[in-house]
Amino acid sequence: MPKLVIASIGPASSVQDGGRPGSQRYGLTPSGAMDRLGLATANVLLGNAPLAAAIEIGPFGAAFTARGGPVRLALSGAQRSVDIAKRPVAFDSSMTVADGEMLTLGFARSGSFSYLALEGGIAGEPTFGSLAVNARAGLGSPYPRPLQAGDELQAVTASGAPERSIDLPAVPDVPIRVVPGPQDDEFSEQAKALFLGSDWKISATSDRMGYRLEGPVIQHLHGHNIVSDGMVNGSIQVPGNGQPIVLMPDRPTTGGYPKIATVISADFGRFAQISAGRIFRFKAISIAEAQEAARAFSELLRTLPDRRRGIENFNIEALRDANVAGSAVNAVDVGTWQSSSA
Amino acid sequence: MATTPAPPRLLPSGDSAITVEFSRDIDDAANQRVLALDRAIAREPIAGVTEMVPTYRSLLVHYDPVRVGYDALGARLLELAKHPLPEKAKTRRWRIPVTYGGEHGIDLEDFAKALNTTPEETVARHVAGSYRVAMIGFTPGWSYLSGLDKSLHMPRRQNPRLLTPAGTISIGGVQTGVQCLAGPSGWHLLGRTPVRTYQLHRDPIFLLEPGDYVTFSPIDAKTFADQDRAAEAGEIVAELVA
């Protein structure tokens, strides 16, 4: 059986899937992919279940080698340069890496997390129905920790199915939508206006537990301690220093800081992809609007397979232009740029 | 019930969860209502509700907004909260062994001093209590207990410790708790239990449920060491009293 060997990989890279919800009442965090659309896209390109486990790759570059046979993969999420043995490959597409060849990914150009799915999924022992890594609780498989060079993932021999790309809707450059609450009454009208009216940046000290925001100090009306209550992905809590923290999939299940607002589920992946240092804003919407957006997002996930298309429609010039920033590409041979082990 | 309690507040936690808030404070009556609503939903599942997270004062209800909307779910939750489901006749009662003081409870002496009493008296009061699991949160198996004797209330430490041992039994404010995994804590460390409230390759993985009753029984350090080995091997060293 072939395997995918990790030749090099940066921090914040781990196996993730739809996570393990259902045990939050016992203090077990759900974990799972930061950007579900990215995860689902990579999986759907290969015919996997949308929320099957894949490799979530942090902002730095990475390289993978196929050993023992050809391995079919797909990439989505944060865009970056991709090549197989120096032949550039399109992003948001499937690809086959021949035995001994290396797949090389550049730095994330926009966003933070890319998803590399393996045809047939990732082999491992699920806990609570999930392979997602939760390093603090020692959960995740095949490695209960972030991935590192030398790790190996079991793969299946590439099926030889025709490679595919996918048409995704453009990611709008608009504010991150939030629903106020559950503790917005712990803040003055002025503090809430400041939160919604200011530029924010994500601190470099952010991780899969929480994104720390840098911006104006948001003051509490009655101090920063509340009696702990439950939290969700996207809860925006404001600790004593007035700098909000947005809770991410490895968050604690409960917490004791007032939460001024919650990122809507449809925008959570887009928020997770905002790279450190980039300026963005929040916008408050109603629950009804947020639930409409959630239904539309669910429909997008459901219909992803309809958005696939054959790879031969690619514009190779555009592909070459897209790759110039990330890796030295010269003399692209149109006839051989895509691995043809199939 | 002499008077009908005020209905809970419904607070949106985004588009996929509702916080049903019964109180803003640590309040035993509110916690009982939280657990009653949790039981009611468990008994009569609501389409679209995916999981519930009880805390001292609120029940966080996670749901799928594609299957149920905020208004319909909120109305149903308010209706269920009006008619609290009584406790099950056979609520579980656990006896949890604890070795107090010494290397396993490094704050016991200072804690007793701050209360103008002795370590022995502190332990006696802690052991005399009957506690209920008010919530489990923060990290897997971290069980927050209500029912701490008022004479043992003590503000949390000024400087939280970054690492405290697995199995720590501690007091913070008006709460006492059973911590499962090693981790940070700002509470006062009184002792340790060999009981694992969370253990992956054991059945059940999670020992305690919100609403379970707990008492503590003192053991010596030698017994702790023996039971700790047994527990590591998967034995449930807590005793189910009833």
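Reply: The C-alpha centres of domain 1 of chain A and domain 2 of chain A lie 28 Å apart. Domain 1 of chain A covers 3-162 + 309-324, and domain 2 covers 176-301; these bounds come from an automatic or database domain assignment. This is a predicted model, in which local features need pLDDT of at least 70 and side-chain atom pairs count only at pLDDT 80 or more, while totals for chains, interfaces and linings use all residues. Residues are numbered from 1 along each chain as its sequence is written, and chains are lettered from A and ligands numbered from 1 in the order in which they are written.

Domain 1 of chain A gives 21 residues to the contact, and domain 2 of chain A gives 13 residues. Two residues are in contact if their C-beta atoms, placed from the backbone, lie within 7 Å. On the side of domain 1 that touches domain 2, helix H1 (36-45) and strand S10 (110-118) of chain A each supply at least two residues. Here helices (H or I, at least four residues) and strands (E, at least two) are DSSP runs, numbered from the N terminus. H1(A) provides the largest share of that side, four residues. By type, the residues on this side of domain 1 are nine nonpolar, 10 polar and two charged. Nonpolar means Ala, Val, Leu, Ile, Met, Phe, Trp, Tyr, Cys and Pro; charged means Asp, Glu, Lys and Arg; the others, Gly among them, are polar.

Next, chain A as a whole. Chain A has five helices and 23 strands. Its C-alpha atoms fill a box of roughly 65 × 40 × 35 Å along the principal axes. Of the 342 residues in chain A, 51% are buried. A residue is buried if 20 or more other C-beta atoms lie within 10 Å of its own, exposed if 12 or fewer, and partly exposed in between, with C-beta atoms placed from the backbone. Among contacts in chain A between residues at least 6 apart in sequence, 77% join residues at least 24 apart.

A:Pro244 sits in the loop between strand S17 (235-237) and strand S18 (245-247) of chain A. A:Pro244 counts as buried because it has 24 C-beta neighbours inside 10 Å. Leaving aside neighbours within four places in sequence, the contacts of A:Pro244 include A:Leu213, A:Ile218 and A:Ile260.
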